[in-house]
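Please read the following model together with the dialogue below.

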Amino acid sequence: MADNPMLKFVDLAQAYPAKRDAEARAEDFREIADRYALQAAEDQSARCSQCGVPYCSVHCPLHNHIPDWLRLTAEGRLREAYELSNATSTMPEICGRICPQDRLCEGNCVIEFSGHGAVTIGSVEKFITDTAWEKGWVEPVVAGPARGQLVGVIGAGPAGLTAAELLRVRGYEVHVYDRYDRAGGLLTYGIPGFKLEKPVVMRRIERLREGGVVFHQDFEVGRDASMDELRRRHDAIFIGTGVYKPRAIKAPGVGTRGVVDALDYLTASNRKGFGDAVPAFDDGSLNAEGKTVVVIGGGDTAMDCVRTAVRQGAASVRCLYRRDRANMPGSQREVANAEEEGVEFVWLSAPEAFDGTEGVTGVRATRMRLGSPDASGRRAPEPDPGSEFRLDADLVVKALGFDAEDLPKLFGAADLGVTRWGTLRVDHKTMMTSLDGVFAGGDIVRGASLVVWAIRDGRDVAEHMHRYLKAKAASERLAA
Ligand SMILES: Cc1cc2nc3c(=O)[nH]c(=O)nc-3n(C[C@H](O)[C@H](O)[C@H](O)COP(=O)(O)OP(=O)(O)OC[C@H]3O[C@@H](n4cnc5c(N)ncnc54)[C@H](O)[C@@H]3O)c2cc1C
Ligand code: SF4
């Protein structure tokens, strides 16, 4: 009974009249919040049935030891839970926040199958590692004995950061090259701060920097160095550059002012969150405040755009998507969140043209119907003749997804092999590209995917690169 946080709350509430000091009151509230969070984590963890068929782990791309760290949490052994969770993931508190758990671990929890609602695995995972950071349990990155070999990582997203950490721990000198001014890739500039607070990302990067990983920001491979130059400077290279070419809409008026790309819009918002000067936000071009907003697309990026527009104080936010709710690629959880926040979904609709001369004033659209399944098995949308309609808009955000940039051309490396989608071709046994000693992973290999898969690739590629580098060192010793 003494541990019941509600009783503690009553005690504290009674003490308030005597406690006028605001700092002391804030401290009390923090303590209560912490106790509730702990209680919630323990309660959720205790719901795990330890079923013996851990579908949750199987469907987690990192195969996290979920039932084991849930058991430790339920027993109040948080530090051990953290250590176990940290053993398979370089960013558990980030995955806990932003994995689409309904499609991965939680969607495969046997308690969910029995109709009682999955254990909230993601929030427990976040709680464990956030607590570890608070309590100082997160160990620094400590480099292994120096091997005298240098690794170059192109791209400081989750794939590159994971590879950098694990190779540094193996004793390699690691240099990370990124074209942005801050590391983190889409963790930093893509995913909005209301889903992933930026200090959570920055402390991970700082930990790597303190562990001796060298970051070269504002360094664009292709502009500041060619692939050949980088290969000459390093013993091996990892490419984790993600996918950044926005899919285009071909419709009259698409170039009108006020029709913007999703990533420009989200990056501006994230930069403002960092306190940067963003002229295109300040002059209103990339700010939804007071505007009638239409977002085009049905994936998670579109959901991030609509929810960002709501937070910026848009007058109204609509989402136009050419398929229906059941056939959209975005997470149903995100759609539900957006609806709760007042976003209106206009299903089975596609843009035909954008009105406006000085700036966009509206979207002309047509209703769609779902035809027969295409090669992928999804029913292809087709226009429903005579069903045209118009939506007012003074900000239109295009969020149709991303394709790979032309890396062979950008990097000046014509013999870097790509697939027909422009993603990098790798040998799946070694994750090596067509260039000897050049490896790749994350979105640039998978196409637009998930953070947890980028981490998985970073983890796997670090092992492959380590094997390659050991063999290279051995053959150089033999030749000497
Ligand atoms: C808006 C948005 C929201 C998302 N939300 C989620 C989510 O909630 N949950 C989830 O799991 N996934 C989400 N994703 C997907 C997820 O962010 C990506 O799958 C993941 O970040 C891929 O990691 P990566 O390391 O491969 O690439 P990225 O994170 O894209 O990082 C690539 C890095 O390479 C750098 N780079 C590119 N070209 C060069 C060059 N020529 N020279 C130097 N550096 C270069 C870039 O600057 C960037 O920093 C979202 C994606 C978007 C766009
Ligand atoms: S990494 Fe993602 S899928 Fe795996 S346990 Fe954590 S939240 Fe679930």
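This is a predicted model: local features need pLDDT of at least 70, side-chain atom pairs count only at pLDDT 80 or more; totals for chains, interfaces and linings use all residues.

The dialogue goes from the whole chain to single residues.

Q: How many helices and strands does the chain have?

A: Helices (H or I, at least four residues) and strands (E, at least two) are DSSP runs, numbered from the N terminus. In this chain there are 19 helices and 16 strands.

Q: What radius of gyration does the chain have, and what would a compact globule have?

A: The radius of gyration is taken over C-alpha atoms, and the globule rule is 2.2 Å times the number of residues to the power 0.38. For 480 residues, a compact globule would have a value near 23 Å, and the 25 Å of this chain agrees with that. Along the principal axes, the C-alpha atoms fill a box of roughly 75 × 65 × 45 Å.

Q: How is burial read, and what share of the residues in the chain is buried?

A: Buried means under 20% relative accessible area, exposed over 50%, and partly exposed in between (1.4 Å probe, protein chains only). Of the 480 residues in the chain, 51% are buried.

Q: Is Gln149 buried or exposed, and which residues does Gln149 touch?

A: Contact means heavy atoms within 4.5 Å. Gln149 lies in the loop between α8 (121–135) and β1 (150–154), and Gln149 counts as buried because its relative accessibility is 6%. Leaving aside residues up to four places away in sequence, Gln149 touches Tyr172, Glu173, Asp235, Leu469, Lys472 and Ala473.

Q: Is Pro373 buried or exposed?

A: Pro373 belongs to strand β11 (residues 362–373). Its relative accessible area is 55%, so Pro373 is exposed. Not counting residues up to four places away in sequence, Pro373 touches Arg378 and Arg379.

Q: Where in the chain do Arg97 and Glu197 lie?

A: The side chains of Arg97 and Glu197 form a salt bridge, with 2.8 Å from N to O. This pair links distant parts of the chain, 100 residues apart: Arg97 is in helix α6 (residues 92–98), and Glu197 is in the loop between α10 (186–189) and α11 (198–210). Arg97 counts as buried at 16% relative accessibility, whereas Glu197 is partly exposed at 33%.

Q: Which residue forms a salt bridge with Asp403?

A: The partner of Asp403 is Arg247, and their closest N and O atoms are 3.2 Å apart. Asp403 lies in strand β15 (residues 402–403) and Arg247 in the loop between β5 (245–246) and β6 (259–261), 156 residues apart. Asp403 is partly exposed at 27% relative accessibility, and Arg247 is partly exposed at 40%.

Q: Which residues surround ligand 2?

A: A residue is near a molecule or strand if one of its heavy atoms lies within 4 Å of it. Around ligand 2 are Cys60, Asn64, Ile66, Cys95, Cys99, Gln101, Leu104, Cys105, Glu125 and Val452. Ala, Val, Leu, Ile, Met, Phe, Trp, Tyr, Cys and Pro count as nonpolar, Asp, Glu, Lys and Arg as charged, and the others, Gly among them, as polar. By this division, the shell around ligand 2 has seven nonpolar residues, two polar and one charged.

Q: What value does phi take in His63?

A: His63 has a positive phi of about 50° although it is not a glycine. His63 is in the loop between α3 (55–59) and α4, and His63 is partly exposed, with a relative accessible area of 39%.

Notes: Residues are numbered from 1 along each chain as its sequence is written. Chains are lettered from A and ligands numbered from 1 in the order in which they are written. Side-chain values use heavy atoms; hydrogens and water are left out. A salt bridge is a side-chain nitrogen of Lys or Arg within 4 Å of a carboxyl oxygen of Asp or Glu.
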